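Welcome, and please load the model in your viewer. We will go from one selection to the next and look at what is there.

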Amino acid sequence: MTYTVIQRRQFVAGLGAAAVAATWPNVAAASEANASFPSRPLRFIVPFPSGSGTDTTARTFAKKIGEITGKGVAVENKPGGNGFIAVQSVLNAPADGHTVFVGSNSTLSTNAALFKKLPYDPLKDFEPISLLTRGACVIIVPGKSIYKTLKDLIEDARKRPAALNYGSGSISYKLYSEWLNELTGMRTTEIAFKGAGDAINAVVSGVVDFAVVDASGAIELINGGRVRALAFTAPQRSHLIPGVPNAAEAGVPDYLAFNWVAAAVSAKTPPAVVKELVSLFQRAGAAPDIKEYYSRQSTSLLVTQPFELARYQKEEIDRWKRLAETAKIELQ
């Protein structure tokens, strides 16, 4: 599903057309103002293992931006530590724009809702560049699971509180799973993994009873029968897994869980360099082959302006803080 003009209008609704027009970057001016950037290959720091949805997005944009600049882009995976390792790697690097954080909603929003004290501030320590992609999740169980529908899982979990477990590949997936518990009246137990890929593998092998995971990383396994998808967490079905019911059809219409990936740099980065990076990501997102690629994915291309990403982050942080409090999730 591609990011259409209509979708973008919906995304920036309330921001004001004049504000959007006034802040849209002048690509030519940005290039002229800082023609020497980048002076060497860029580094994209990813807080998850290779193969994760965030990693895939980072590598897709890295390849295109490398082609645009002619300097190349190296993608470095620094998983673990709830994303803190990758974050500190970016914030400790020279703030010259050559080190870019390509992170997800967990590092850029939900961490702020689930930790008593973060070693970084996702709003103050980073300068937003752009939202890049957004995609719905799927609730999956092992291929040979006794649960044929989400209703089956919910009913059994209600009968046996805390007996069933779920795999979480990041703090965001923990929050999504606890949100599902709250909406359905289930009480299930978390088993944490370093990344979404590990959580998916745990479902495949039957180590966990279910998991909420990014759809893009599970579609092949779903279509191959190695896992069974009980629900697609969006208002509509996915054209890539049309047999999987959407949230409303599965019985939980309010459960609309999306993962998103965004690019940001240290807040100390010079404005002229930030402007050039915004230009590069805009050009990459507008490339025909990038648009065509995402038209075949479950993840939507969603390239935005910096102020849009900043506002979206703030809205997400406020939303998850309210949910964490309502669900009585113990802060870490």
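In which sense do strand 4 and strand 10 pair, and over how many bridges? Select strand 10, residues 299-301, together with strand 4: the two pair in the antiparallel sense over three bridges. Keep in mind that this is a predicted model. For a bridge to zoom in on, pick G135, whose partner in strand 10 is T299.

Now colour strand 4 by burial. The strand covers residues 126-142 and is mostly covered, with 15 of its 17 residues buried.

- Strand 9, residues 258-266, runs antiparallel to strand 4 and is joined to it by nine bridges. Look for P128, which stands opposite A264.
- Strand 8, residues 227-232, is also antiparallel to strand 4, with five bridges. Here I139 has A231 as its bridge partner.
- Strand 7, residues 210-214, pairs with strand 4 over four bridges in the antiparallel sense. Click on I140 to find its partner, A211.

Helix 4 passes helix 13 in a right-handed crossing.

Finally, show the side chains at this contact: T56, T57, T60, F61 and K64 from helix 4, and D289, I290, Y293 and Y294 from helix 13. By type, the residues of this contact are four nonpolar, three polar and two charged.

Note on methods: Residues are numbered from 1 along each chain as its sequence is written. This is a predicted model: local features need pLDDT of at least 70, side-chain atom pairs count only at pLDDT 80 or more; totals for chains, interfaces and linings use all residues. Side-chain values use heavy atoms; hydrogens and water are left out. Buried means under 20% relative accessible area, exposed over 50%, partly exposed in between (1.4 Å probe, protein chains only). Two strands pair if DSSP finds at least two bridges between them. A crossing is left-handed if the near helix is turned anticlockwise from the far one by less than a right angle, and right-handed if clockwise. Contact means heavy atoms within 4.5 Å. Ala, Val, Leu, Ile, Met, Phe, Trp, Tyr, Cys and Pro count as nonpolar, Asp, Glu, Lys and Arg as charged, and the others, Gly among them, as polar.
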